[in-house]
Amino acid sequence: MTTPIIRVEDIADYEGQQVTVQGWVYNHTHKGKLVFLLVRDGYGFVQCVAFKNDLPEDVFDQIVHLTQESSVEITGVVRADSRAPGIPGGYEIGVTAFKLVQRAAENYPLALKEHGVDFVLENRHLWIRMPSQWAILRVRAATIRAIRDWLDDNGYINMDTPILTPAAAEGTTTLFATQYFDEGEAYLAQTGQLYNEANIFAFKKVYCFGPTFRAEKSKTRRHLTEFWMVEPEIAFCDLDGLMEVEEQFVSAVVQRVLKECAAELASLGRDTTLLEKVTPPFPRISYDEALEILARLRAQTDDPEQKALLEIEWGDDFGAPHETALTQQFDKPVFVYGFPTAAKAFYMEPWPGRPEVCKSVDLLAPEGYGEIIGGSERISDPDLLLQRIQEHNLPQDAYRWYWQLRLYGSVPHSGFGLGVERTVTWLTGIRHIRETIAFPRTINRVYP
Ligand code: 4AD
Ligand code: MG
């Protein structure tokens, strides 16, 4: 029987068997007649133990002198050992044969010691090999799989929307512009929503899923200039219907990631107690109620700095400190609906009898993470939409097609956008959004 080349994530299936692992040496410890290698194969990290007496002298010598990141093919027998480090861990391989593919150069920049943030970001192309970064990016991939599967299984059709677009959708201040032949300026898409509003009239329930671009001047740990957003859009759906969809969707994604990424989350030290509670229904509060909660928190704190941070006037959108404080009041994600019209985008349906408020809803993730979804019911009346386009000084020509959708079979419709990186930041319990995408783009970084 030939020896199977396994994936380390499946190692438990091979207990007692001889296997081959193709990968790279992450860590290396030499103790007399033993060498302990922590080998990563892309699917996990496993301890391989080379014993001098089991191997030809020249081979053992080669193993003793391995450098970090050397590429190797290791063959050996899998045995269970609860002390064995690794991801998933609990198994090790007793080396019976060894092949060196390349002995890595000695001066690996990310040697196993503490490095500063700028240094690891500058070396992102190597940083992604480290267990924490590997685990976060695996959670990202699982999150994306869960998102697509849920939508595909629930009657949503995937429509890809353009990235080069003629106009703004989420405000003109964060556009990346580029010259488009003789057509003037084109902009990198801030959202696919407007196109999805056309798509629902052909397909009823749709989603787009792609990169979105915001020339955000904000240098926070929640903002990227290029991020991935999934945007479902639904015909015949009002704000209440939208919140129901969102809580079903987010719960399904969270539970699936918990199941598929148990080893990754454990390796990150993520306490998943609260994530396990993410099931429908989610609490719903209005913007007005949120302001009352913030006023109460402000009154309760003795810390003048915190008091100032929680300051907010009716009409303002939330900043990070407001969202953090609000989410700390709830164990689950919380919906905040009914924001002031002036604080939100031009396309949102007004609240019946209260035009200063709109049928918008944000979903805030718990544990201080804050907004992961923005969504709303959209204006369905052509006259009102035209008025809003004018009030916002938007170029009417560029929005002609969008406005025309309201003439031919207009219906109440709603949709939302979930930011993948914000979601993965929450799921993995990390501090900064930049670690949730392989090559982050921020206000001060486009390399590597
Ligand atoms: O709230 P936003 O701006 O909503 C829209 O773009 C709507 N057109 C979506 C829709 O209704 N179809 O963005 C939606 C989400 C945010 O909640 C956040 O998760 C993420 O996109 N997001 C960002 N993520 C990282 N960096 C940024 N600069 C982000 N801006 C928004
Ligand atoms: Mg938003």
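**Why is it called that?**

Reader: Why is F282 called buried?

Author: F282 has a relative accessible area of 4%, and buried means under 20% (exposed is over 50%, partly exposed is in between, with a 1.4 Å probe and protein chains only). So F282 counts as buried. This is a predicted model, where local features need pLDDT of at least 70 and side-chain atom pairs 80 or more, while totals for chains, interfaces and linings use all residues; side-chain values use heavy atoms, without hydrogens or water. Residues are numbered from 1 along each chain as its sequence is written, with chains lettered from A and ligands numbered from 1 in written order.

Reader: How do you know whether F335 is buried or exposed?

Author: Its relative accessible area is 0%, so F335 is buried.

Reader: What makes F282 and F335 a tilted pair?

Author: The ring centres are 5.8 Å apart and the planes make 35°. Rings of Phe, Tyr and Trp (its six-membered ring) pair with centres within 6.5 Å; under 30 degrees is stacked, over 60 is edge-to-face, and the rest is tilted. So F282 and F335 pair up, and 35° puts them in the tilted class. F282 sits in the loop between helix 8 and strand 13, and F335 in strand 14, so the pair ties together parts 53 residues apart in sequence.

Reader: And why is the pair of Y287 and F318 called stacked?

Author: Their centres are 5.6 Å apart and their planes make 25°, so the pair is stacked. Y287 is in helix 9 and F318 in the loop between helix 10 and helix 11, so this pair ties together parts 31 residues apart. Both residues are buried.

Reader: How many aromatic pairs does the structure hold?

Author: It holds 18. There is also one aromatic cluster formed by Y195, F346, Y347, Y399, W401 and Y402.

Reader: Why are helix 9 and helix 11 called roughly perpendicular?

Author: Their axes come within 10 Å and cross at roughly 90°. Axes are lines fitted to C-alpha atoms (for helices, over the stretch in contact), with angles from 0 to 180 degrees between N-to-C directions. Under 35 degrees is roughly parallel, over 145 roughly antiparallel, 65 to 115 roughly perpendicular, the rest oblique. The two helices are therefore roughly perpendicular.

Reader: Which residues make the contact between helix 9 and helix 11?

Author: A290, I293, L294 and L297 of helix 9 meet H322, A325 and L326 of helix 11, where contact means heavy atoms within 4.5 Å.

Reader: How do you know that strand 9 and strand 10 pair?

Author: 3 bridges join strand 9 to strand 10, and DSSP must find at least two bridges for a pair. So strand 9 and strand 10 pair, and they run antiparallel. One spot to look at is T178, opposite A186. A strand here is a DSSP run (E) of at least two residues and a helix (H or I) of at least four, numbered from the N terminus.

Reader: Which strands pair with strand 6 in parallel or antiparallel fashion?

Author: Strand 3 joins strand 6 through 3 bridges and runs parallel, with V49 partnered by G94. Strand 4 pairs with strand 6 over 10 bridges in the antiparallel sense, and V77 stands opposite G94.
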